[in-house]
Amino acid sequence: MATLCIDTATEHGMVAVSLEGQPTSSARWTSKGRHGENLFAQIETAMASAGVGRADLSLVGAGIGPGAFTSLRVGLATAKGVALGLDLPLVGVSSLRVLARSIGFRDDLVCVPSIPAYRGDVFAAAYLVSREGIDVLREPFFGAPDAVFESIREAADGRRVAVRGQAVSRHAELLEQTFGSNLHRGSTSPDPATPDALVEEVRFVANTDGYADLATLEPSYLRASDAKLPNPPLRTQRSD
């Protein structure tokens with residue numbers, strides 16, 4: 001049976017379809033906050049590439065962030081709709097853990113996923129990634145880049161560090177200053193997550209934590225929305 005995975009946490013949207021023992025088929029695109037316009041077409045493309053129909057699906061996975069507010073909701077709502085419509089189990093996974101898995105299995109490296117968190121901040125975390133699972137050195141958090149990377153350096157405790165995600169290109173000089181010779185340049189990359197890493201994390205979470213509840217699974221934003229309700233709330237007046 002096949003697994004369908006969706007991640008729209010960043011501007012780099014991704015759909016991955018995987019059959020056990022077969023190479024992962026995927027569709028990837030770049031869309032600045034407009035994933036809803038082409039997500040279903042990308043799902044169809046990935047499924048067709050894998051030779052998979054709706055009846056072949058047995059599990060749906062979705063990245064739940066952190067990331068962009070609207071983009072996250074588009075991806076998760078779509079995954080919920082597919083799971084509900086086809087009566088399939090759903091798994092939500094951290095988009096940062098998927099990005100960390102994309103660095104690869106390296107016992108000697110601290111894997112640091114990092115993406116923009118807007119207002120000049122970054123999202124980041126620190127993990128040790130192995131084939132057996134992921135050990136958390138620093139839970140996902142956000143803040144000013146200098147403070148975030150310094151916190152990661154302390155969590156790494158002298159170990160070599162590999163960073164992946166959009167923050168690499170935006171803060172290359174700061175990364176060099178913070179980690180120095182401990183920055184593993186061969187594994188540090190601005191590239192987005194890989195389809196294989198997304199599938200691996202979805203299956204890992206399904207096997208270890210079980211399935212999510214469709215009614216309660218929500219995006220992991222980490223930071224509050226900029227949108228605020230008026231105070232006092234707006235009131236409508238009936239006109240006769």
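In this predicted model, the side chains of Arg-203 and Ser-18 are joined by a polar contact of 3.1 Å. Arg-203 belongs to helix α7, which spans residues 195–208. When residues up to four places away in sequence are set aside, Arg-203 touches Thr-3, Ser-18, Leu-19 and Glu-20. One of these, Glu-20, also meets Arg-203 in a salt bridge between their side chains, with an N to O distance of 3.8 Å. Because Glu-20 sits in the loop between β2 (12–19) and β3 (25–30) while Arg-203 is in helix α7, this pair ties together parts that are 183 residues apart in sequence. Glu-20 is itself exposed, at a relative accessible area of 58%, a value that falls in the exposed class because the cut-off is over 50%.

Glu-201 forms a salt bridge with Arg-101, and their closest N and O atoms are 2.5 Å apart.

In the whole model, the count comes to seven salt bridges. Among them is the one in which the side chains of Asp-108 and Arg-106 meet, at 2.9 Å from N to O. Salt bridges with shared partners also join Arg-97, Arg-101 and Glu-201 into one network. As for the setting of the Asp-108 and Arg-106 pair, Asp-108 is partly exposed, with a relative accessible area of 39%, and Arg-106 is likewise partly exposed, with a value of 29%. Both residues receive this label because their values lie between the limits of 20% and 50%.

Asp-121 is placed in strand β7, which covers residues 121–130. With a relative accessible area of 17%, Asp-121 is buried, since the cut-off for that class is under 20%. The side chain of Asp-121 reaches the backbone nitrogen of Ala-144 at 3.4 Å.

Definitions and conventions. Residues numbered from 1 in each chain as written. Predicted model: local features only at pLDDT ≥ 70, side-chain atom pairs only at ≥ 80, totals over all residues. Heavy atoms only, no water. Helix = DSSP H or I, 4+ residues; strand = E, 2+ residues; numbered from the N terminus. Buried < 20%, exposed > 50% of the residue type's maximum accessible area, 1.4 Å probe, protein only. Polar contact = N/O pair within 3.5 Å; in protein donor to acceptor, adjacent residues only side chain to side chain. Contact = heavy atoms within 4.5 Å. Salt bridge = Lys/Arg side-chain N within 4 Å of Asp/Glu carboxyl O.
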